[in-house]
Amino acid sequence: MRVVIAGGHGKIALRVERLLAARGDSATALVRNPDHHADVLDAGGVPVHCDLEATDVASVADVMTGAGAALFAAGAGPGSGVARKDTVDRAAAALFAEAAERAGVRRFIQISTTGIGRTTGDEVFDAYLAAKGAAEDDLRERDLDWTIVRPGRLTDDEPTGLVELSEKPLRGSVPRGDVAAVVVALLDRPGTVRRTYELISGDTPIADAF
């Protein structure tokens, strides 16, 4: 299977690329900064220069044509303001999903976040939650075999392979490596289509968590 990844140089995406390569699949990684191509290659992915804030649907669909799945793992990231929360976390997600529809790539996994629907009083963080929520709403209206993953607070701790997955709200943290492993596991589980999972560290092996 070939998986096209938006945000292909992100910390979760690079881990997904390594896991896919290890099992004989491939990843096409959309990367905004050409200086990051070497990191993607080291992870076993194939980098494609693409700025989702500046491209168009047709260009992304061309890259996605023939792929077996798509993963939206992009984000404006720390230090970005309200405007880029919208242009990346909402608008780029919608563009990527529309490109998947146009290219005929039905399987679509979107990384979101816990806390959707709440407000914190922090203008930038609330804009982030609102953008992620809007991206989820957009995806649910599309004719795609989507699954949404809402991880808790992300850490760079070593992955344990033990998680808690729920379709109800969860609070907690989870290593990025475990998020990546859950994403790859979802590719093999058609029963997870059109479902939204909250994800934190827990006591259940990923293989059994669904």
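This is a walk through the predicted model, from overall form to one residue. Because the model is predicted, local features need pLDDT of at least 70 and side-chain atom pairs count only at pLDDT 80 or more, while totals for chains, interfaces and linings use all residues. Residues are numbered from 1 along each chain as its sequence is written, and side-chain values use heavy atoms, with hydrogens and water left out.

Start with the fold elements. The chain holds six helices and 11 strands. Both are DSSP runs numbered from the N terminus: helices are H or I of at least four residues, strands are E of at least two.

Next, the dimensions. The C-alpha trace spans about 40 × 40 × 35 Å along its principal axes.

Now look inside. Of the 210 residues, 49% are buried. Buried means under 20% relative accessible area, exposed over 50%, and partly exposed in between, with a 1.4 Å probe and protein chains only.

Nonpolar side chains tend to be buried together in soluble globular proteins. Here the largest nonpolar core has 30 residues. Such a core is a set of buried Ala, Val, Leu, Ile, Met, Phe, Trp, Tyr and Cys residues joined through side-chain atoms within 4.5 Å. L52, V60, M64, F72, F96 and F108 have the most contacts inside this core. Two or more residues come from each of β1 (2-6), α3 (57-64), β4 (69-72), α4 (82-103), α5 (123-140) and β6 (145-151). Helix α4 gives the largest share, nine residues.

Take V60 as an example. Leaving aside residues up to four places away in sequence, V60 touches L30, C50, L52, T55, L95, F96 and A99. Another core lies apart from the largest one. This other core has 28 residues, among them I5, V16, L165 and V184.

Finish at A185. This residue sits in helix α6 (residues 176-186). A185 counts as buried because its relative accessibility is 10%. Beyond residues up to four places away in sequence, A185 touches I206 and F210. A127 is 58 residues from A185 along the chain, and their C-alpha atoms are separated by 30 Å.

Note on methods. Contact = heavy atoms within 4.5 Å.
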